[in-house]
Amino acid sequence: SSGINAEWPLRPGSLQMLWPLLVLLLPGLHCIHTNNWVVIVDASRYWFNYRHVANALSIYYSVKRLGIPDSHIILMLSDDMACNPRNPTSAQIFNNRDRHVQIYPDDVEVDYRDSQVTVENFFRVLTDRLPDSTPRSQRLMSDENSNILVYLTGHGGDGFLKFQDTEEMNAMELSDVFQQMHEKKRYNELLFMVDTCQAGSMVLPIYSPNIIGVGSSSVGQDSLSHHGDHEIGVYVIDRWTYFTLDFLEKIQPNSDAKLKELFRVYTTADIRSTPQYSNLRLFKTRPVAEVLITDFFGSVRQTVLFDEEVLPLNYTAVDHGDRTPSVDSGGKGHFQTVSQLPF
């Protein structure tokens with residue numbers, strides 16, 4: 001930029017050499033974290049589990065508001081509550097009896113729905129063991145520089161989470177899947193959140209590095225609903241997700257709020273259960289106290305502006321006499337691109 005010494009002009013190819021310098025100069029930038037992904041799973045079906053769909057869509061609504069695009073969100077919903085004939089607000093879903101926010105907008109992108117929401121498909125998404133015919137929209141295309149938020153909601157017990165009332169996901173199996181992700185370099189850091197009864201039993205077995213796991217209740221405890229809507233006739237959100245959403249609503253995309261501030265919201269008096277955390281000593285990339293909310297729930301990139309003209313790599317100028325010189329790249333593309341930059 002204009003702060004660079006004029007005796008060191010920006011020459012073709014020098015832009016590549018500038019990236020390491022720019023990464024060091026940008027304050028608070030973690031050069032190994034370049035992109036964010038979110039996997040949201042509602043594992044329950046049937047009308048009386050309306051709140052679980054609302055839980056999942058509440059997190060979906062929040063991460064989209066904070067800047068994560070649908071292309072980086074995998075949304076798995078076991079039932080279509082919006083079109084259920086019992087729904088008095090057809091094609092709409094709400095997470096509050098006051099109905100201030102419609103969390104099932106017209107542009108919602110559900111990647112896996114109904115019978116597609118299975119334990120096998122969930123594991124295949126995380127490990128990228130999908131058929132070649134699977135479209136990009138249904139793939140978690142993360143890498144070793146990705147921060148991933150995995151959120152699960154549904155009915156569970158000691159060491160399992162039910163899917164569709166027909167199968168169960170074992171906590172140890174999930175822990176092994178996280179280890180596969182680590183070995184395949186599928187993440188930089190991972191935040192695992194689960195809202196279910198005895199949720200602590202799902203996070204305690206985690207043994208892979210750089211994962212923060214938090215469950216809505218400890219082993220032996222239920223995870224309770226918050227309130228219902230008399231017209232809809234069912235509970236519309238669970239307590240733990242309600243207070244998570246209440247906190248996230250106060251966060252802006254450029255916020256410097258820390259993840260530890262969210263954890264302080266989980267008081268026993270409010271959620272009426274005791275949250276359970278994974279072994280945080282396994283989180284080694286940085287102190288947990290330094291982790292920002294937006295490191296997982298948001299996606300805002302810093303921008304670097306250059307005053308100098310940026311030319312294609314290996315260019316040659318072509319003189320056209322009285323016309324403006326043009327750039328001849330020899331018919332070959334010399335620009336280099338990446339899917340996401342660190343800013």
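Me: Is Phe-263 buried or exposed?
Reply: Phe-263 is buried, with a relative accessibility of 14%. Bear in mind that this is a predicted model.

Me: And what about Tyr-266, buried or exposed?
Reply: Buried too: Tyr-266 comes out at 6% relative accessibility, and the cut-off for buried is under 20%.

Me: How many aromatic pairs are there in the structure?
Reply: Nine. One of them is Phe-263 with Tyr-266, a tilted pair with 6.3 Å centre to centre and 35° between the planes.

Me: Trp-240, ok. Which residues of α6 are buried?
Reply: Trp-240 is on that list, along with Arg-239, Thr-241, Phe-243, Thr-244, Leu-245, Phe-247 and Leu-248. That makes eight of the ten residues in α6 (residues 239–248), so the helix is largely enclosed by the rest of the structure.

Me: Switching to strands: in what sense do β10 and β11 pair?
Reply: Antiparallel, over four bridges. Gly-228 stands opposite Tyr-235 in β11. β11 (residues 234–238) is mostly covered, with four of its five residues buried.

Me: Which residue in that hairpin takes a positive phi?
Reply: Gly-233, near 90°; the hairpin has four residues between the strands.

Me: Last topic, charges on rings. What sits over the ring of Tyr-46?
Reply: The charged end of Arg-45, 5.6 Å from the ring centre. Elsewhere, Arg-99 lies over the face of Phe-94, at 5.9 Å from the ring centre.

Conventions
Residues numbered from 1 in each chain as written. Predicted model: local features only at pLDDT ≥ 70, side-chain atom pairs only at ≥ 80, totals over all residues. Heavy atoms only, no water. Buried < 20%, exposed > 50% of the residue type's maximum accessible area, 1.4 Å probe, protein only. Helix = DSSP H or I, 4+ residues; strand = E, 2+ residues; numbered from the N terminus. Pairing = 2+ DSSP bridges. Phe/Tyr/Trp six-rings, centres within 6.5 Å; stacked < 30°, edge-to-face > 60°. Lys NZ or Arg CZ within 6 Å of the ring centre and 35° of its normal.
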